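Keep it brief and give the cut-offs behind each term.

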Amino acid sequence: MLSEVPFIKDMATQMMSKFQKYWREIHGLMCVAVVLDPRYKFMLLEYYFPVIYGDEQYVTEIAKVRELCCELLEEYGSKFPHLRERRVQEENVSTSSSTRRLDALSNFDRFVRASYRVENMKSELDLYLEENLIPRTEESFDICNYWKVTGLKYPLLSMIAKDVFAVPVSTVASESTFSTGGRHVSSHRSRLHPSTLEALVCTQNWLKTDKKATVNDEDNDVDPTMEPYVVDLDD
């Protein structure tokens, strides 16, 4: 953007504008995918969000991601209630077995289990985030296999991870910002000879910079027997 060449400066300005458009508004599912990666979780967001959003706004953006994760967990819990209840029952197994021998407290144990509500207990997300990060190494890490195994411990998060990581990655080529090919070759104008297309692009560049270029036959290996041709820019 600091280049003295107008074409380079305009190209860089357009690229920066596109980058800010796409990266200032990060889609929530991208952040959820990061949180569901046991190598990063919220730590990666806490590292990069201050750079992207600034020291004041990044806390709000992280809170939005956490809220989205909780909403997804609640939605999947209502969609798969048997998975939510399974974790509650598994957590109460150890308590019931340890007090089974105390007949006087068996009724109390049933009363406690019946009084527990899922929303008053730690969610799968809280328990998952409390675990330490898996060390990030150069060895390949199969995240799908991780959630396949961990699904026994976090069934709802495993279902969310399966859906989130199934979303195909999309890309936007930065070349589309400064490519001039689309202005010369289109669906209605696609049979230009390569030399004609090159002449169009070069002539446009020369006209924009107000410079006259002299083509040297020796430097450009042009056959002197060839007849010169005129390029009509309005054609």
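## H4 against H9

In this predicted model, the axes of H4 and H9 come within 9 Å and cross at roughly 105 degrees. Axes are lines fitted to C-alpha atoms, for helices over the stretch in contact, and angles run from 0 to 180 degrees between N-to-C directions. H4 is therefore roughly perpendicular to H9.

From H4, the contact takes Leu72, Leu73, Tyr76 and Gly77; from H9, Leu156, Leu157, Met159, Ile160 and Asp163. Contact means heavy atoms within 4.5 Å. The residues of this contact split into 7 nonpolar, 1 polar and 1 charged. Ala, Val, Leu, Ile, Met, Phe, Trp, Tyr, Cys and Pro count as nonpolar, Asp, Glu, Lys and Arg as charged, and the others, Gly among them, as polar.

## Burial of H9

H9 spans residues 155-164 and is mostly covered, with 8 of its 10 residues buried. Buried means under 20% relative accessible area, exposed over 50%, and partly exposed in between (1.4 Å probe, protein chains only). The buried residues are Pro155, Leu156, Leu157, Ser158, Met159, Ile160, Ala161 and Val164.

## H3 against H4

H3 (residues 41-53) and H4 (residues 58-79) have axes that come within 9 Å and cross at roughly 140 degrees. That makes H3 oblique to H4. On the H3 side the contact uses Phe42, Leu45, Glu46, Phe49, Pro50 and Tyr53; on the H4 side, Tyr58, Glu61, Ile62, Val65 and Arg66. Its residues comprise 8 nonpolar, no polar and 3 charged.

## The whole chain

The protein chain has 13 helices and 0 strands. Helices (H or I, at least four residues) and strands (E, at least two) are DSSP runs, numbered from the N terminus. Of the 235 residues, 24% are buried. Among contacts between residues at least 6 apart in sequence, 65% join residues at least 24 apart.

The chain exposes about 17,900 Å², and carbon and sulfur atoms supply 55% of it. Accessible areas come from the Shrake-Rupley method with a 1.4 Å probe; for residues, only the protein chains shown count as cover.

## Basis

Residues are numbered from 1 along each chain as its sequence is written, and side-chain values use heavy atoms, leaving out hydrogens and water. The model is predicted: local features need pLDDT of at least 70, side-chain atom pairs count only at pLDDT 80 or more, and totals for chains, interfaces and linings use all residues.

Notes
Parallel < 35°, antiparallel > 145°, perpendicular 65-115°, else oblique.
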